[in-house]
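Hello,

Here is the structure we talked about passing on. Please open it first and then read the notes below it.

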Amino acid sequence: MSPAQQLLQRYRSHLELRWPPHLSATERVWIAVYDPEEERRMRAALPEFALVTEAAGVQWAHVDLTDAFAQWMNAHPYRDDYFREPELLSSTLPEFEEQLLEQLRTTLTALPPRSVVGVTGAGALFGLTRISKVIERAAPALQGRMLLFFPGSLDGHNYRLFNARDGWNYHSVALVP
């Protein structure tokens, strides 16, 4: 069984558990941790995650963050200046993070309590912002559950994006193959 299929099986089992209403926002985040080399296989398995979710009577939504930075940069009035002098970009990255948060919050607040939003593209944020900051700040808007597809590793309760960046300790539920 492939790692993607193992994660799908773990997700299905977790989805069928009772959803306690008293959990904090961060405890309603499920993180599917997989080897970064499995990224394409995980993305190919996304329709199966959606089918499993809907078969359990839970609404599914998907947010892909992969192109978020490119879209933000393309619309930025000073993009040509940033391309010429990329060292200036660091001062405006908080604006990008705020737009990303707004995108996530808009999706999260529109969904009912019996829903799961699958979030992909966390790796595309590497070096731009920390996915931990984005998830922690967006989680209070979460009505149902979030399934973050995380290419990296888990060491205890410490998540490491791409097995490289110093990770963060989080109160989420880890799903590992």
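This is a predicted model: local features need pLDDT of at least 70, side-chain atom pairs count only at pLDDT 80 or more; totals for chains, interfaces and linings use all residues.

Residues are numbered from 1 along each chain as its sequence is written, and side-chain values use heavy atoms, with hydrogens and water left out.

Salt bridges

A salt bridge here is a side-chain nitrogen of Lys or Arg within 4 Å of a carboxyl oxygen of Asp or Glu. By that rule there are 8 salt bridges. Helices (H or I, at least four residues) and strands (E, at least two) are DSSP runs, numbered from the N terminus.

One of the bridges joins Glu39 to Arg43, with 2.8 Å between the closest N and O atoms. Both residues belong to helix H2 (residues 39-44) and sit 4 residues apart, about one turn of the helix. Arg43 is partly exposed, at 28% relative accessibility; buried means under 20% relative accessible area, exposed over 50%, and partly exposed in between (1.4 Å probe, protein chains only).

Asp81 and Arg84 form another, their closest N and O atoms lying 2.5 Å apart. These two are 3 residues apart in helix H5 (residues 79-84), about one helical turn. Asp81 is partly exposed at 31%, whereas Arg84 is exposed at 59%.

A further salt bridge is made by Arg137 and Glu98 (2.7 Å, N to O). This pair links distant parts of the chain, 39 residues apart: Arg137 is in helix H7 (residues 131-138) and Glu98 in helix H6 (residues 93-110). Arg137 is partly exposed at 34%, and Glu98 is partly exposed at 37%. Through shared partners, salt bridges join Glu97, Glu98, Lys133 and Arg137 into one network.

H6 has 18 residues and spans 26 Å from its first C-alpha to its last, close to the 26 Å expected at 1.5 Å a residue (the expected span is 1.5 Å times one less than the number of residues). Its buried residues are Leu93, Phe96, Glu97, Leu100, Leu101, Leu104 and Leu108. Seen down the axis of H6, they fall within an arc of 135°, so they line one face of the helix; the arc is that of the directions from the helix axis to the C-beta atoms. They pack against strand S2 (59-64), helix H4 (68-75), strand S3 (115-120), H7 and strand S4 (145-155), where contact means heavy atoms within 4.5 Å.

In H7, Ile131, Ser132, Val134, Ile135 and Ala138 are buried. Down the axis of H7 these residues fall within an arc of 165°, so they too line one face of the helix.

Regards
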